[in-house]
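This briefing concerns the arrangement of strands and helices, the nonpolar cores and the aromatic pairs. Please consult the sequence and the structure shown here alongside the points that follow.

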Amino acid sequence: MSKRVLNVGQCAFDQAGISRFLSQQFDVVVESADQLDDALTSLRNGHFDLVLVNRQLDSDASDGLAVIEAIKSDASISSVPVMLVSNYADAHERAANVGAEFGFGKAEYGDEAVTQRLAKFLA
């Protein structure tokens, strides 16, 4: 059975790139959400094995960290693993401080360490 990933805040190009990367490595279905409200609705209405959140949401330039904080502060969905998608190490540290798993950057597609990190949730 396919794992489900919610990919939050990516532009169409990055959504396609992340979906392609994940699909090449794992049996996954990737769904997208543009903003915080969309993400929360999706999470509350269905099971996801992993949530990926862009550092800065494409639709309104809001901070992806706020999405992670909202997910982790909602008891009904806080157990869903979340990863930040960012090329900035300091952003990953901030995300981890609010409960996210260590994520990856868009420049790291195909990196073996990233694949292993994702396998924890998607294999």
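A crossover is right-handed if, with the strands pointing away from the viewer, the path from the first strand over the helix to the second runs clockwise. Helices (H or I, at least four residues) and strands (E, at least two) are DSSP runs, numbered from the N terminus. This is a predicted model, in which local features need pLDDT of at least 70 and side-chain atom pairs count only at pLDDT 80 or more, while totals for chains, interfaces and linings use all residues. Residues are numbered from 1 along each chain as its sequence is written, and side-chain values use heavy atoms, with hydrogens and water left out.

**Strand pairing and crossovers**

- Two strands pair if DSSP finds at least two bridges between them.
- β1 and β2 pair in the parallel sense over 6 bridges, with Lys3 opposite Val28 in β2.
- The chain passes from β1 through α1 to β2 in a right-handed β-α-β crossover.
- β3 and β4 run parallel and are joined by 4 bridges; Asn54 stands opposite Val85 in β4.
- A right-handed β-α-β unit is made by β3, helix α3 (residues 64-72) and β4.
- β4 and β5 also run parallel, joined by 2 bridges, and Val85 stands opposite Phe104 in β5.
- Another right-handed β-α-β unit consists of β4, helix α4 (residues 89-97) and β5.
- β4 is covered on both faces, with Val82 and Leu84 buried on one side and Met83 and Val85 buried on the other. Buried means under 20% relative accessible area, exposed over 50%, and partly exposed in between (1.4 Å probe, protein chains only).

**Helix α1**

- Helix α1 (residues 12-25) has 14 residues and spans 20 Å from its first C-alpha to its last, close to the 20 Å expected at 1.5 Å a residue. The expected span is 1.5 Å times one less than the number of residues.
- Its buried residues are Asp14, Gln15, Gly17, Ile18, Ser19, Phe21 and Leu22.
- These buried residues of α1 pack against β1 (3-8), β2 (28-33), β3 (50-54), β4 (82-85), β5 (101-104) and α5 (112-122).

**Nonpolar cores**

- A nonpolar core is a set of buried Ala, Val, Leu, Ile, Met, Phe, Trp, Tyr and Cys residues joined through side-chain atoms within 4.5 Å.
- The largest nonpolar core has 22 residues, and those with the most contacts inside it are Leu6, Val8, Leu43, Val51, Val53, Ile68 and Ile71.
- At least two residues of this core come from each of β1, α2 (36-45), β3, α3, β4 and α4; α3 supplies the largest share, 5 residues.
- Apart from this core lies another, of 16 residues, among them Phe26, Leu50, Met83 and Phe121.
- Beyond its neighbours within four places in sequence, Ile68 is in contact (heavy atoms within 4.5 Å) with Val53, Val82, Leu84, Ala95, Val98 and Ala100.

**Aromatic pairs**

- Rings of Phe, Tyr and Trp (its six-membered ring) pair if their centres lie within 6.5 Å; planes under 30 degrees apart count as stacked, over 60 as edge-to-face and the rest as tilted.
- By this rule there are 2 aromatic pairs.
- Phe21 and Phe104 form an edge-to-face pair, at 6.1 Å centre to centre and 65° between the planes.
- Phe21 lies in helix α1 and Phe104 in strand β5, so this pair ties together parts 83 residues apart in sequence.
- Phe21 is buried at 4% relative accessibility, and Phe104 is buried at 0%.
- The rings of Phe21 and Tyr109 are stacked, because their centres are 5.3 Å apart and their planes are at 15°.
- Tyr109 lies in the loop between β5 and α5, so its pair with Phe21 of helix α1 ties together parts 88 residues apart in sequence.
- Tyr109 is partly exposed, at 27% relative accessibility.
- Ring pairs link Phe21, Phe104 and Tyr109 into a cluster.
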